Amino acid sequence: MFRLEPRASAPLLWQVVTPLLAVLATIIVGGALFAAMGFDPVASIRTIFWDPLFGPAAGYSRPQLLVKAGPLILIASGLALGFRAGIWNIGAEGQYIIGAISGAAVALAAYPLEAHWIFPAMILAGAAGGWAWGMIPAMLRNWFGASEILVSLMLVYVAQRIAAWMAFGPMKNPEGFNFPGSRNLQQYESASNPELIANSGLHWGGVAAVLALAATWFIMSRHILGFHIRTAGAAPRAARFAGVRPERLVALCLGVSGALAGLAGLFEVAGPGGQITESFGSGYGFTAIIVAFLGRLHPLGILLAGLLLALTYIGGELAQMMLNLPAATVQVFQGMLLFFLLGFDILTRYRIRRRA
Amino acid sequence: MMIDPLSVFILLLGAATPILFAALGELVVERAGVLNLGVEGMMITGALAGFAAAHASDSPALGFVAAAIAGMAVSMTFAALTQFLLSNQVATGLALTLFGLGLTALFGKPYEGVKAPAIMPGPLGLNWMIWLGMALVPLIWWFLTRTRPGLILRAVGENHDAAHALGYPVRLVRILAIGFGGALAGMGGAYISIATVLQWTEGMTAGAGWIALAIVVFAQWNPWGVLAGAWLFGGVTVLQLRLQAAGVAVPVQLLSMAPYLATIIVLVLISARQKFGRSGAGAAPASLGRPFYALK
């Protein structure tokens with residue numbers, strides 16, 4: 001038999017190898033699942049992971065990679081701060097929706113005025129909306145000790161209903177032939193978030209994602225705040241003795257991750273999404289949780305993990321078109337990936353020894 | 001607007017039942033010291049498995065059995081990861097929810113637009129599942145507070161190292177509790193598809209699993225409190241639906257927020273009571289969420 005021996009610190013090698021093992025296991029088990037469902041496993045896996053980048057239709061799908069990865073990375077980089085400190089914001093989806101609504105509100109109020117201040121004002125509003133939505137669970141935890149996990153999650157459902165209300169009520173396009181949904185911001189020049197370089201898929205959201213990664217890298221590894229966050233996560237009691245004030249960390253982590261999620265929502269509604277609709281929230285906020293874990297809460301890892309999960313979105317769409325694979329396949333893949341990752345993680349935290 | 005109190009109470013019992021099942025299951029899991037955030041995933045799995053089995057066999061009872069088995073089966077993934085591979089319980093529970101939602105979306109397609117067999121009414125016009133849910137409250141209370149296995153389960157939840165030192169099988173107790181929680185969550189989910197909505201739609205549990213988790217906190221880990229919490233939630237849901245039907249001048253989308261807002265409010269009230277109250281009663285099990293591993 002075997003026994004587990006806790007490691008004093010996680011070796012870098014295993015930290016890098018285990019996510020790769022998890023991806024590999026997901027591909028193998030996913031292939032088996034496809035075979036069981038009567039699809040050609042090799043063709044399915046190739047369509048999801050290879051064809052979007054190098055296949056015959058790659059010219060169309062490659063720019064989509066940055067379109068999808070942008071919001072995932074932006075949200076995940078904020079979530080990683082909190083996860084490091086043991087502060088669980090799992091309501092990023094709600095903050096994403098509220099950020100989009102706040103930003104869109106600025107644009108719709110200014111319509112049809114064309115001015116340079118509109119887009120920057122939308123960015124501020126989007127970040128502020130997401131921040132405020134994230135501060136609700138933060139304050140309820142600080143004041144009353146309510147679980148930020150449950151409150152932030154409940155607020156996702158509330159945000160979804162606000163989006164539905166906006167699409168059918170206050171934000172409905174007056175020239176939209178009575179269809180639900182706001183005006184399309186892509187057709188409103190001052191408010192649109194266009195592609196910056198043609199056919200690259202890069203819009204301001206992608207730029208913000210890179211900036212967010214750089215900023216979180218700086219905070220985590222070069223600033224006293226990062227030290228506080230890491231200490232609070234690893235040893236909450238010791239952190240108090242070191243002068244860390246947990247309430248401030250809760251407000252900071254939930255506020256910052258909320259603001260970043262709000263920004264992601266704003267860039268989406270002004271760019272690829274175009275309008276506030278009932279189903280505006282499309283799950284980026286939840287997938288970003290997987291991105292944060294797969295990237296080991298490290299900026300570089302999050303960058304790679306965000307690109308990989310963006311790939312599964314595009315690959316999933318492609319497989320749906322080419323092979324008639326059900327749309328939900330991607331969700332199953334993402335869930336499986338997180339399972340495998342958490343399972344393999346034992347290799348980084350424990351040494352497996354033969355029992356004497 | 002006429003609201004007949006008796007008919008509202010009967011509707012309330014129905015609306016409370018899925019939450020009651022799931023929250024009672026999670027209560028046992030948490031009393032054993034395990035925090036399983038995958039209730040939503042187990043409920044949706046039960047909702048689909050139960051619906052499919054009831055449809056295939058034309059028997060709602062078989063549907064609930066299948067839902068219990070399916071809920072238990074997916075909960076074993078969580079058990080394996082958290083108990084043997086010592087993974088983080090918060091993250092693993094989330095993974096279970098995301099996986100359950102994905103898996104059911106994948107396999108649920110053929111059941112969209114299909115009808116389920118009608119559930120049999122029991123005494124007083126309430127179906128048997130409502131009765132079973134209410135019967136489980138005293139049964140679980142009795143098990144936890146009046147039996148030896150119940151005492152061992154609580155010991156494992158309060159201090160797993162001490163329980164281990166006394167020779168109790170910490171891991172086994174927790175795995176059994178997780179399985180029980182999975183079975184009840186599965187049945188709760190199936191109640192939504194078989195008895196409430198009468199069809200299968202993707203993501204139909206709509207946060208019921210998360211509300212159940214909040215109800216366990218609200219109940220301060222006491223089965224009777226879970227009953228009260230489930231009824232409170234059922235009442236808010238029914239009232240909200242009644243107001244919608246009565247055509248109140250508030251948009252439907254805003255009315256349908258009520259259950260989620262109510263959950264936040266009760267969570268805040270009970271947390272505040274625990275934080276500012278003087279007594280230590282009603283606190284979470286001391287080992288909740290902490291991984292256990294024996295050096296020997």
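Which residues does B:Gln253 touch, leaving aside those up to four places away in sequence? Keep that in mind as we start the tour; the model on your screen is a predicted one.

**Stop 1: B:Gln253**

Select B:Gln253 and show its surroundings. The residues it touches, not counting those up to four places away in sequence, are A:Arg161, A:Ala164, A:Trp165 and A:Phe168. In chain B itself, B:Gln253 belongs to helix H11, residues 252-255. Its relative accessibility is 17%, and since buried means under 20%, B:Gln253 counts as buried.

**Stop 2: chain B as a whole**

Now zoom out and colour chain B by secondary structure. The C-alpha trace spans about 60 × 45 × 35 Å along its principal axes. For 296 residues, a compact globule would have a radius of gyration near 19 Å, and chain B agrees with its 19 Å.

Chain B exposes about 12,000 Å², of which carbon and sulfur atoms supply 71%. Of its 296 residues, 56% count as buried. If you draw the contacts between residues at least 6 apart in sequence, 79% of those in chain B join residues at least 24 apart.

**Stop 3: helix H1 of chain B**

Select residues 5-31 of chain B, which make up helix H1. Follow the axis to B:Ala16, where the helix bends by about 40°. A proline, B:Pro18, follows within four residues of that point. Is this helix enclosed or open to the outside? Of the 27 residues of H1(B), 20 are buried, so the helix is largely enclosed by the rest of the structure. Step just past the end of H1(B) to B:Gly33, which takes a positive phi of about 90°.

**Stop 4**

Centre the view on A:Leu74. Not counting residues up to four places away in sequence, A:Leu74 touches A:Gly205, A:Ala208, A:Ala209, A:Ala212, A:Leu260, A:Leu263, A:Ala264 and A:Phe267.

**Stop 5: aromatic rings**

Finally, display Phe, Tyr and Trp side chains. Over all chains, the structure holds 16 aromatic pairs. One of them is tilted: A:Trp50 and A:Phe54 sit 4.5 Å apart centre to centre, with 45° between the planes. A:Trp50 is partly exposed at a relative accessible area of 48%, whereas A:Phe54, at 53%, counts as exposed.

For an edge-to-face pair, select B:Phe9 and B:Trp231, with 5.6 Å centre to centre and 80° between the planes. This pair links distant parts of the chain: B:Phe9 is in helix H1 and B:Trp231 is in helix H10 (residues 223-245), 222 residues apart.

End the tour in chain A by selecting A:Tyr96, A:Phe280, A:Tyr284 and A:Tyr313, which ring pairs link into a cluster.

Terms used: Residues are numbered from 1 along each chain as its sequence is written. Chains are lettered from A and ligands numbered from 1 in the order in which they are written. This is a predicted model: local features need pLDDT of at least 70, side-chain atom pairs count only at pLDDT 80 or more; totals for chains, interfaces and linings use all residues. Side-chain values use heavy atoms; hydrogens and water are left out. Helices (H or I, at least four residues) and strands (E, at least two) are DSSP runs, numbered from the N terminus. Buried means under 20% relative accessible area, exposed over 50%, partly exposed in between (1.4 Å probe, protein chains only). Contact means heavy atoms within 4.5 Å. The bend at a residue is the angle between axes fitted to the seven residues ending there and the seven starting there. The radius of gyration is taken over C-alpha atoms; the globule rule is 2.2 Å times the number of residues to the power 0.38. Accessible areas come from the Shrake-Rupley method with a 1.4 Å probe; for residues, only the protein chains shown count as cover. Rings of Phe, Tyr and Trp (its six-membered ring) pair if their centres lie within 6.5 Å; planes under 30 degrees apart count as stacked, over 60 as edge-to-face and the rest as tilted.
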